[in-house]
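I opened this model to look up a few things. My notes follow the order in which I looked.

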Amino acid sequence: MSDSNRLRIAVQKSGRLSDDSIALLKAIGIKLQIRDRLLIAHSTNQPIDLLLVRDDDIPGLVMDGVVDLGFIGENELEEKMLERQAAGKQHEYIELRRLDYGGCRLSIAVPNEFNYQGVQSLAGKKVATTYPFLLERFFKEQNVEAKAVMLTGSVEVAPRAGVADAICDLVSTGATLEANGLHEEDVIFRSKAVFIQRAGELTEAKQSLINKLLPRIDGVIQAKE
Ligand code: ATP
Ligand code: ZN
C-alpha cells in the first residue's frame, strides 16, 4: 500500500504512452521535473510523485495499491486483469477517464498465403501473441478450438519461423504486418489509453486532489475535440 501523503501516479517511462500522458499532466497544471533514468519524479507544485515504469507493470502496481493512479492502454490493463483474475490475485481498479490517445487495435493477422475464411479457419491452429488471455477469451466467445502461443516479442515473425500459423498483435497502420508478409483479418479488441485509480479508499486529501484534477482533464479533452 502507498503510505506516502503524496499522490503516486504510474506513467510509462519510455514508449508510445509516455509523451501524451506527461503532456496531459502538465496541461492540467502539474509542474514536473523529469530526469532521465530516474524511477521517480516529483512535482514541484503539487503533492504528486510520478513513478516511471514499463507499461506492463502499471496495471499490477495499481491493482496492488502500490500507486494511487496510472495511465495505461486498455489492452495491457484488460490482459493483466484477466491474468490476475485467473491466478486469484487482486485485479480491481477504478476507471476514471478514457483518454483520446494511445489508440490501437488488437487483431488477428495471417500470412498472405493463408486461406482465411473467418475465425473458424483458426481451428486446430497456433496463434502467437503477447496477449494470451484476451486471445483465449476471444476464442472461447467464438467457439474456436485454437491455441494461443505466448511470445513477448517478435510476434510478427512467428509464422515465418514456423512457431505459429497466425498472430494476434497490436496494429495501427499495418505497415509492420505488410513488411512480414501478413495481413489483418479480425479485430478482437479496440484500445485507448485510460486513467485509472486503485480500488479501495484513499485519504481524504488524496481523493480531493484527484477530484480537483478530473475536471481539468475533462477540460483538456474537450478543448481538443
Ligand atoms: P515498455 O518498454 O514500457 O514495456 P512497450 O514496448 O511494451 O513498452 P509501446 O510500444 O510503447 O510498449 O506501447 C505501449 C502501448 O501503446 C500499447 O500497449 C498500446 O496500448 C499503445 N499503442 C498505441 N499504438 C500502438 C501501436 N501501433 N502499436 C503498439 N502499441 C500501441
Ligand atoms: Zn510493455
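Which residues are buried in helix α4 (residues 132-142)? I found Leu134, Leu135, Phe138 and Phe139. I call a residue buried if 20 or more other C-beta atoms lie within 10 Å of its own, exposed if 12 or fewer, and partly exposed in between, with C-beta atoms placed from the backbone. Helices (H or I, at least four residues) and strands (E, at least two) are DSSP runs, numbered from the N terminus.

Before going on, I noted the ground rules. This is a predicted model, where local features need pLDDT of at least 70 and side-chain atom pairs count only at pLDDT 80 or more, while totals for chains, interfaces and linings use all residues. Residues are numbered from 1 along each chain as its sequence is written, and chains are lettered from A and ligands numbered from 1 in the order in which they are written.

**Helix α4**

I looked down the axis of α4. The face turned away from the buried side carries the exposed Lys140 and Glu141. I then checked what covers the buried residues of α4, and the cover includes α3, β6 (104-111) and β9 (166-171). Just after α4, asparagine 143 takes a positive phi of about 60°.

**Whole chain**

I counted six helices and 11 strands in the protein chain. Of its 225 residues, 33% count as buried. The C-alpha atoms fill a box of roughly 60 × 35 × 35 Å, taken along the principal axes.

**Domains**

The chain is divided into domain 1 (7-102 + 192-224) and domain 2 (104-191). These bounds come from an automatic or database domain assignment. The domain centres, taken over C-alpha atoms, are separated by 29 Å. The contact takes 10 residues from domain 1 and nine residues from domain 2. Two residues are in contact if their C-beta atoms, placed from the backbone, lie within 7 Å. On the side of domain 1 that touches domain 2, helix α3 (residues 74-86) gives the largest share, seven residues. That side of domain 1 divides into two nonpolar, three polar and five charged residues. Here Ala, Val, Leu, Ile, Met, Phe, Trp, Tyr, Cys and Pro count as nonpolar, Asp, Glu, Lys and Arg as charged, and the others, Gly among them, as polar.

**Ligand 1**

Where does ligand 1 lie? Domain 1 and domain 2 both give residues to its shell, so ligand 1 lies between them. I found 15 residues around ligand 1, and the closest are Gly15, Arg16, Gly73, Cys104 and Ser172. A residue is near the ligand if its C-beta atom, placed from the backbone, lies within 6 Å of it. The shell divides into three nonpolar, seven polar and five charged residues.

**Cores**

The largest nonpolar core has 24 residues. Such a core is a set of buried Ala, Val, Leu, Ile, Met, Phe, Trp, Tyr and Cys residues joined through C-beta atoms within 7 Å. Ile72 and Val194 are among those with the most contacts inside this core. A second, separate core of 23 residues includes Ala109, Val110, Leu122 and Leu135.

**Isoleucine 94**

Isoleucine 94 lies in strand β5 (residues 93-98). With 12 C-beta neighbours inside 10 Å, isoleucine 94 counts as exposed. Leaving out residues up to four places away in sequence, isoleucine 94 touches Ile196, Gln197 and Ala199.
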